[in-house]
Amino acid sequence: MRVIVPLQAVVQGRGGLVLGSLIPCALFYFLQFYLRRNRPSSSSPPPPSSASGSNLPELASIPRSLSRGLLSPRGSFGPARLSSRGTAVVRDDDNPYYVGLKRCADDPYNRSTNPQGFLLLGLAENRLSLDIIQDWLVKNWKESLLLDDEEEELSIQGLATYQPYDGSMDLKTAVAEFMGQVMQGSVSFNPSHIVLTAGATPAVETLGFCLADPGDAFLVPSPYYPGWDRDIKWRTGVELIPVPCRSTDNFSISIAALELAYNQVKKRGMKVRAVLVSNPSNPVGSLIDRETLCGLLDFVMEKNIHLISDEIFAGSTYGSDKFVSVAEVLDAESFDKSRVHIIYGLSKDLAVPGFRVGVIYSYNENVLAAASKLARFSSISAPTQRLLISMLSDRKFISEYLAVNRVRLHDMHALFVDGLKQLGIKCASSSGGFYCWADMSMFIRPYSEKGELKLWDNLLNVAKVNVTPGSSCHCIEPGWFRCCFTTLTEKDVPTVMERIQKITKSN
Amino acid sequence: MVKGAESCVPLSEVATSNTHGEDSPYFAGWKAYDEDPYDAASNPAGVIQMGLAENQVSFDLLEKYLDQHPGASGWGCGISGFRENALFQDYHGLQTFRQEMATFMEQIREGRAKFDPERIVLTAGATAANELLTFILADPGDCLLIPTPYYPGFDRDLRWRTGVRIIPVHCSSSNGFQVTLQALEDAYVKAEGMKIRVRGLLLTNPSNPLGTAIARHVLEEVLDFVTQKDIHLISDEIYSGSVFSSDEFVSVAEIVEARGYEDCDRVHIVYSLSKDLGLPGFRVGAIYSYNDRVVTAARRMSSFTLVSSQTQRMLASMLADRGFTENYLKTNRERLKNRRDFITEGLKNAGIECLPGNAGLFCWMNLAPLLEEPTREGELRLWSLIVHEAKLNISPGSSCHCSEAGWFRVCFANMSQQTLEVALRRIKDFMKNMKAKQEK
């Protein structure tokens with residue numbers, strides 16, 4: 001606006017000549033300045049670190065006359081730098097995700113041994129029911145891993161040799177059954193529609209590689225899981241376009257908003273290839289209802305694009321609403337299945353993120369064919385596969401585990417939400433997942449992303465509580481924070497609330 | 001599979017391209033094997049798989065260890081620390097495991113090089129390590145130089161998702177396929193001519209498919225070359241523990257140390273337990289880089305390809321047992337050498353020459369005299385005969401981008417001694433038949 005007026009004045013010859021020429025010049029210089037600041041560092045590569053200054057012996061330098069003789073002006077194609085992809089990854093240091101994790105890693109809270117340590121509420125780990133899994137393992141690990149079916153003897157051959165890259169059929173079968181159990185029998189899954197990967201992280205990236213080309217876009221209702229900015233954008237070159245949801249309707253997905261976003265993206269000359277949702281939602285914890293699922297399916301059919309539904313928290317529901325998988329809707333109605341892909345994994349529902357088990361579930365033969373070949377870059381370790389086959393096949397154990405886990409999630413969630421309520425902090429209504437989506441907007445000053453990050457910083461560095469700021473999740477309403485409650489025991493909750501109150505009181 | 005109305009929802013270039021290479025002869029032989037696999041008892045006329053570089057000669061040593069140490073190894077499931085282990089998804093990798101990997105790599109090189117555990121980034125297999133490095137060191141449209149013949153999987157692993165290209169550095173049988181400065185220069189100039197930016201050189205040492213350890217003077221020349229061109233050097237040393245005489249292996253790490261770590265920012269090593277320890281199913285690979293920024297980038301990107309914490313824990317325990325690893329390395333080397341001698345002798349009896357080799361799980365054999373015409377087509381026709389008549393899956397040199405027709409890679413460590421004997425008999429018979437045909 002401010003630029004146009006003086007230029008208008010120039011055109012109309014009203015003494016705006018000076019302004020009219022000054023402003024474009026100023027803009028031009030600012031543009032130069034901005035570009036120079038943001039150009040990837042073109043300085044020479046960092047000096048070789050002497051092997052990180054650790055205990056390596058100092059070796060006498062053998063004169064390298066030959067190499068000195070060959071040293072010529074650097075090749076016209078530039079020094080041995082990193083690629084632009086590599087550079088971007090290295091420079092990701094200011095990201096609250098990394099900052100928070102680093103602080104906590106050095107000084108983690110432990111009620112008995114380190115009560116002043118950092119409370120890590122930014123990483124979705126479920127510690128509530130690990131004891132149940134541990135008990136099972138203690139009883140069963142030997143049998144589950146070592147025994148050759150026929151000979152009852154130690155057999156490594158079956159484990160050691162090359163396996164199918166996308167997982168053994170036995171594990172796929174066990175996982176398909178587990179998914180059915182998790183969704184409480186509402187839908188059954190076919191093992192031959194499964195590609196297994198080392199975690200859900202490569203699963204979603206692999207779909208990114210299969211469904212879109214560099215420069216294309218996915219529409220993602222926001223707030224969304226911050227990890228996707230890394231998982232999908234880093235190497236595939238796919239853009240994520242946030243489609244903001246509103247607190248007024250508990251951050252529900254709006255098809256109208258998707259439609260708007262789709263058209264805006266199209267105007268920018270980009271191609272939308274898919275809609276990506278999480279259900280139960282990370283970070284909000286709400287469930288997508290059947291009607292909205294149908295709306296989504298209609299939408300993607302109309303635009304001839306894909307739908308990716310990340311259902312990794314499907315077994316971690318605790319509210320009164322019943323979880324409905326997109327698979328269930330597909331079974332019931334006559335939507336085109338070949339455009340629907342589900343992401344799943346054992347990191348959340350079975351609480352074994354360290355074992356690295358992710359699932360791509362797709363109805364599209366071509367996607368499965370490509371993804372199963374791409375799985376070679378992220379395959380699950382064979383002994384882990386065997387262990388999990390054994391564990392998942394113990395259906396009695398699994399259904400007991402899922403039931404107890406749900407109860408514990410429910411109780412901890414209630415405790416935590418209540419604790420926050422006492423501090424005057426309301427949470428979005430949630431029925432699944434490991435997070436509370438808390439509204440701390442009344443404690444931020446100014447009411448902006450800047451104010452939000454100030455509060456986040458205080459929470460981290462003063463209260464020593466690491467939570468995830470809503471801006472990391474692309475929430476357009478400032479002041480919302482994502483807090484994980486599953487790393488806590490009952491006794492820790494008062495400590496958390498005390499610490500948060502330290503900050504909120506002073507605001 | 002769900003059939004019905006075919007949807008035309010489009011997929012990406014990556015998904016629809018055939019850079020996965022599974023339509024190539026290298027994999028066609030695998031298909032022939034999959035459809036008709038040899039089994040001494042149930043299918044003695046089936047195809048014998050000699051195209052898979054897997055090490056099965058030392059399983060008994062692993063089993064014996066696990067048998068004697070069920071508690072210690074605990075298969076990563078011991079009670080103590082289970083909780084932490086199951087939750088552990090830190091892309092730094094288990095400190096103890098990285099420590100043991102570093103020490104194991106030092107053991108293989110008999111202390112001639114030191115490895116800092118903080119520079120190790122774990123990946124789910126060397127396949128992932130090579131791809132990760134490619135993402136980090138090169139942009140789409142750039143290229144890596146790779147001496148031929150090379151592992152056919154590189155065409156897929158290094159190019160498919162990365163958009164990076166490969167320019168071959170042609171080596172010839174006249175000097176045993178060793179890399180020469182001239183060949184390196186020629187390849188570099190070729191890239192320049194095509195307006196393609198060279199970002200690095202990838203060496204496999206010991207070489208796959210040649211089965212030879214690279215000579216020190218060649219490594220020195222290579223290091224000088226990459227320094228002069230200011231590009232990266234990736235040294236894939238996954239077969240380093242499979243050099244029959246351990247003192248015949250020179251790692252690029254030794255050269256870097258001998259040069260006082262000067263200008264070593266450009267050097268990166270890839271390792272894995274798939275070949276030396278015979279554990280490809282475990283999916284354990286590693287990047288070792290002298291470049292801090294590469295280590296940081298690789299660590300963060302390794303979130304796409306982490307090693308199971310259970311596996312890390314188990315192997316940390318196993319590798320910590322120095323008595324076991326010393327004995328394993330020594331015994332494994334001897335057995336591989338014996339196998340190699342056995343197959344070379346057998347091939348000689350059949351009238352086939354192999355490239356003299358001192359490492360790896362395979363031989364590089366010369367069947368050029370049998371070719372009707374010294375071309376790729378001639379080679380593939382011969383290869384087809386071998387697969388379908390002799391019922392042996394071996395890898396044709398053309399799939400390794402060898403510039404001379406008639407060379408084949410034959411694996412000898414992925415089968416029992418008995419099966420190897422059967423294979424050699426078949427080769428002998430095949431050669432007799434071919435000679436008879438030629439004489440007619």
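The model examined here is predicted. In chain B, helix α7 (residues 126-137) packs with helix α12 (residues 292-301) at an angle of about 125°. α7(B) and α12(B) are therefore oblique to each other. Their axes lie 10 Å apart. The crossing of α7(B) and α12(B) is right-handed. On the α7(B) side, the contact is made by Leu132(B), Leu133(B), Phe135(B), Ile136(B) and Leu137(B). α12(B) contributes Val294(B), Ala297(B), Ala298(B) and Met301(B).

Helix α3 (residues 59-68) of chain B has buried residues, namely Phe59(B), Leu61(B), Leu62(B), Tyr65(B) and Leu66(B). Viewed down the axis of α3(B), the buried residues fall within an arc of 165°, so they line one face of the helix. Lys64(B), Asp67(B) and Gln68(B) are exposed on the other side of α3(B).

In chain A, five of the five residues of strand β13 (residues 480-484) are buried, so the strand is largely enclosed by the rest of the structure. In a regular strand, side chains alternate between the two faces of the sheet. Trp480(A), Arg482(A) and Cys484(A) point one way from β13(A). Phe481(A) and Cys483(A) point the other way.

β13(A) pairs with strand β10 (residues 435-439) of chain A in the antiparallel sense, over five bridges. Cys483(A) in β13(A) is the bridge partner of Cys436(A). Strand β12 (residues 468-469) of chain A also runs antiparallel to β13(A), joined by two bridges. Here, Arg482(A) of β13(A) stands opposite Thr468(A).

Methods
Residues numbered from 1 in each chain as written. Chains lettered and ligands numbered in written order. Predicted model: local features only at pLDDT ≥ 70, side-chain atom pairs only at ≥ 80, totals over all residues. Heavy atoms only, no water. Buried < 20%, exposed > 50% of the residue type's maximum accessible area, 1.4 Å probe, protein only. Helix = DSSP H or I, 4+ residues; strand = E, 2+ residues; numbered from the N terminus. Pairing = 2+ DSSP bridges. Arc of directions from axis to C-beta. Axes fitted to C-alpha atoms, helices over the stretch in contact; angles between N-to-C directions. Parallel < 35°, antiparallel > 145°, perpendicular 65-115°, else oblique. Left-handed = near helix turned anticlockwise from the far one by under 90°. Contact = heavy atoms within 4.5 Å.
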